[in-house]
Amino acid sequence: MAAEIPLLTPHKLGNLNLSHRIVLAPLTRSRSYGNVPQPHAILYYSQRATQGGLVITEATGVSDSAQGAPKYPQTPGIWSQEQVEAWKPIVKAVHDKGGVFFCQIWHVGRVSNSEYRPNGQAPVSSTDKGLPSQPQPDGSVVEFTPPRRLRADEIPRVVNDFRLAARNAIEAGFDGVEIHGAHGYLIEQFMKDSANDRTDEYGGSLANRCRFALEVASAVADEIGAGRVGIRLSPFTDYAGCYDSDPVGLGLYMVESVNRLGLVYVHMIEPRMAIVEGRRQIPHRLLPMRKAFGGTFIAAGGYDREEGNKVVREGYADLVSFGRLFLANPDLPKRFELDAPLNEYDRATFYTSDPVVGYTDYPFLATST
């Protein structure tokens with residue numbers, strides 16, 4: 001049956017063998033108390049691990065300066081030995097199920113405030129332009145501290161934080177890392193012209209704005225090998241004040257550049273879905289980037305079983321990542337195989353700190369093992 005379902009066909013990810021093309025997307029879960037991964041994450045990730053399935057961690061801080069607000073105080077890090085040791089049993093549990101496990105490494109940049117920064121320092125960014133306050137579903141309002149523009153001579157230290165985080169991830173047992181270059185965080189604050197107002201070698205031209213991202217990618221690839229490194233990009237998104245006047249040009253430049261570095265995959269997010277004849281439709285605008293990249297291409301952005309199978313069948317993407325559907329359906333590959341009904345996700349529990357509710361209590365199919 002699996003041979004008839006494109007999402008359930010094998011794929012070679014560099015030197016790693018995948019038995020299917022359904023990826024657990026990186027999902028912030030806010031349950032790593034004190035930025036240290038907790039034992040309950042063993043169950044969470046192992047529930048979603050399958051033989052030959054790619055699992056990507058939630059965004060994981062590269063330093064104590066990388067953490068953010070409003071929902072990020074309890075996100076994991078991988079800059080300390082304590083964190084490395086805490087990740088080890090989680091990684092083992094995924095490997096014990098036969099899964100392939102990558103750690104997504106990030107720095108939030110200006111999406112933070114001084115409360116979450118060492119010694120109450122201001123967040124750092126490509127710019128000193130701040131973000132507006134952000135209303136929350138519970139009626140509260142999150143304020144962001146105006147950021148401090150990183151000096152050019154400080155940037156190598158941040159690049160090194162990514163390099164060391166990648167080294168730590170391999171020590172913890174991960175198969176590789178995904179550099180978080182999407183969704184308005186630090187790397188994208190440099191890449192996109194809405195946020196980068198610099199006039200030095202890290203601002204102005206497209207090549208200059210992408211310089212920081214490519215320095216990070218090069219340093220990480222040099223440290224652990226390009227075959228263990230992927231990158232997530234979202235050139236079309238407008239998130240946390242980051243958008244670009246030429247998203248196609250930005251996406252192509254980045255994909256062509258990391259292709260030359262030999263990165264094993266690019267994980268790219270579709271533009272926002274459009275409403276066409278009353279139905280939400282994925283724009284499918286990633287094809288130029290897919291054609292420009294020689295490694296594995298992962299598409300993300302509101303996919304379901306039908307759309308996922310379609311893009312794999314047509315060669316538009318090699319793998320498809322699923323977020324909310326995989327969160328609510330820990331046995332998602334099995335459900336796709338059987339075309340079984342899906343659990344509905346509970347948005348209210350996405351970022352709560354409960355170690356069970358909305359985390360490890362979503363039911364499996366009765367036929368699942």
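Residues are numbered from 1 along each chain as its sequence is written, and side-chain values rest on heavy atoms, with hydrogens and water left out. As the model is predicted, local features need pLDDT of at least 70 and side-chain atom pairs count only at pLDDT 80 or more, while totals for chains, interfaces and linings use all residues.

Cysteines come first. Searching the whole structure turns up zero disulfides, a disulfide being a pair of cysteine sulfur atoms within 2.5 Å. Cys 210 is in no disulfide, and the nearest cysteine sulfur, that of Cys 242, sits 12 Å away. Cys 210 is buried, at a relative accessible area of 0%; here buried means under 20% relative accessible area, exposed means over 50%, and partly exposed lies in between (1.4 Å probe, protein chains only). Cys 103 is buried too, with a relative accessible area of 0%.

On to the aromatic rings. A pair of such rings is described by the distance of the centres and the angle of the planes. The whole structure holds 14 aromatic pairs. To count, rings of Phe, Tyr and Trp (its six-membered ring) need centres within 6.5 Å; planes under 30 degrees apart are called stacked, over 60 edge-to-face, and the rest tilted. One of the pairs joins Phe 190 and Phe 212, and is tilted, at 4.7 Å centre to centre and 40° between the planes. Phe 190 belongs to helix H4 (residues 186–191) and Phe 212 to helix H6 (residues 211–224), so this pair ties together parts 22 residues apart in sequence. Helices (H or I, at least four residues) and strands (E, at least two) are DSSP runs, numbered from the N terminus. Phe 190 and Phe 212 are both buried.

Phe 350 and Tyr 351 make an edge-to-face pair, with 6.1 Å centre to centre and 85° between the planes. Phe 350 is buried, at 8% relative accessible area, whereas Tyr 351 is partly exposed at 40%. Elsewhere, ring pairs link Tyr 44, Tyr 45, Trp 87, Phe 101, Phe 174 and Tyr 359 into a cluster.

A cavity is a set of points, on a 1 Å grid over the protein atoms alone, where a 1.4 Å probe fits but cannot get out; lining residues have an atom within 4 Å of a point. The lining of the largest cavity includes Glu 188, Met 191, Lys 192 and Leu 233. H4 and helix H7 (247–261) each supply at least two lining residues, with H7 giving the largest share, three residues. By type, the lining splits into five nonpolar, two polar and two charged (Ala, Val, Leu, Ile, Met, Phe, Trp, Tyr, Cys and Pro count as nonpolar, Asp, Glu, Lys and Arg as charged, and the others, Gly among them, as polar).

Finally, the backbone. Ser 30, which is not a glycine, has a positive phi near 55°. Ser 30 sits in the loop between strand E3 (22–24) and helix H1 (40–47) and is buried, at 3% relative accessible area. His 183, also not a glycine, has a positive phi of about 60°. His 183 is found in the loop between strand E11 (176–181) and H4, and is partly exposed at 21% relative accessibility.

Technical notes: On a 1 Å grid over the protein atoms alone, a cavity is a set of points where a 1.4 Å probe fits but cannot get out, and a pocket is an open set with protein on both sides within 12 Å along at least five of seven lines; lining residues have an atom within 4 Å of a point.
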